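Student: Could we look at this structure together? I would like to see how the terms follow from the values.

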Amino acid sequence: MGAFYEEIPENVMEWIVKQKVFWVSTAPLSKHGHVNVSPKGGECFGVPDRRTFWYMDMTGSGSETISHLLEPGNGRITILFNAFEGAPRILRLWGKGRVLEYASPEFAEIVAHENIKTMPGTRSIIVVDIHQVGTSCGYQVPFFDFVDYRHVLEDYFRKKVERHEKQGEGDEKDFMDRYWALKNAWSMDGLPGMKRGLKAGKEYSVVPIQKMVGRMAIKKNGGLSNGGELHVAYVVIALLTILVAILAATHPAFEYFPAQRRMQGLLSQVTSMPGGLPSIGGLRL
């Protein structure tokens, strides 16, 4: 049954690296933000020691994991493995994630140290500093036979990079930084993502794709379009402020305060106007 550890148990270290697929889960700090779960497959991860896990982060249409890990005060991440063959097993790795962006000194260092063979389209290496490990039974997870890895993404970006290198730096169409600016610079909640994507977006004036629709859609990078809730909040605050002011001006307990006399004079001037007190949203004050 379930058990918890501060580091990866020695008896599952070998089992982890034999797995063909795992899941990555992150979330923004905001209570209105969206939890993200991403499947990962391929021979693109490693376990250097019992407190560290890394995986190769391939370019895709989203950038939720990167954005959540880069968010100040965040960095929370969970890695999930489960057995599709042999004895049932579920393994979770909880920790803090670090984004080592492509071509950065940190990226080059871990690639050399761990002898990582990067693939075309690699945008970062995600390193997880583990602080909790959990195992559970996995009795309800079905059996699946592994057939092969998919190479569509790898082939797509290989051709893209080759076209760009062949055509020269002057052709921006197949420039990876432009792709990152278009799809990986911002999360669906408006959090900044890849630094290279953000930089390229400014340099090439790339407008990022819209990742949400409806009332929660991003109106502009970093902001939501659900301004209705904010508008109502301002109206409520204004009403409360006015009511407190009227109370202070009319309640007997405040009759000796100079401020009350000034407020009474102001109210007298307002009420003597042809239209009386103004109204907010159809409500006359």
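Student: Which residue in E5 is the bridge partner of Gly46?
Tutor: Trp54 is the bridge partner of Gly46 in this predicted model.

Student: What makes E4 and E5 a pair of strands?
Tutor: Pairing needs at least two bridges, and three bridges join E4 (residues 45-49) to E5, with the strands running antiparallel. A hairpin connects E4 to E5 through two residues.

Student: How do you know that E5 also pairs with E8?
Tutor: The same cut-off of at least two bridges applies, and seven bridges join E5 to E8 (residues 122-136), again antiparallel. Met58 stands opposite Thr122 in E8.

Student: Why is E5 called largely enclosed?
Tutor: Buried means under 20% relative accessible area. Seven of the seven residues of E5 (residues 52-58) are buried, so the strand is largely enclosed by the rest of the structure.

Student: Which residues have the most contacts inside the largest nonpolar core?
Tutor: They are Ile8, Phe53, Ile79, Phe81 and Leu93, in a core of 29 residues. A second, separate core has eleven residues, including Met56 and Met58.

Student: Why are H5 and H6 called roughly perpendicular?
Tutor: Helix H5 (residues 176-183) and helix H6 (residues 195-204) pack at an angle of about 100 degrees, with axes 7 Å apart. Angles of 65 to 115 degrees count as roughly perpendicular, and H5 and H6 are therefore given that name. Among the residues making the contact are Trp180 of H5 and Tyr204 of H6.

Notes:
Residues are numbered from 1 along each chain as its sequence is written. This is a predicted model: local features need pLDDT of at least 70, side-chain atom pairs count only at pLDDT 80 or more; totals for chains, interfaces and linings use all residues. Side-chain values use heavy atoms; hydrogens and water are left out. Buried means under 20% relative accessible area, exposed over 50%, partly exposed in between (1.4 Å probe, protein chains only). Helices (H or I, at least four residues) and strands (E, at least two) are DSSP runs, numbered from the N terminus. A nonpolar core is a set of buried Ala, Val, Leu, Ile, Met, Phe, Trp, Tyr and Cys residues joined through side-chain atoms within 4.5 Å. Axes are lines fitted to C-alpha atoms, for helices over the stretch in contact, and angles run from 0 to 180 degrees between N-to-C directions. Angles under 35 degrees count as roughly parallel, over 145 as roughly antiparallel, 65 to 115 as roughly perpendicular and the rest as oblique. Contact means heavy atoms within 4.5 Å.
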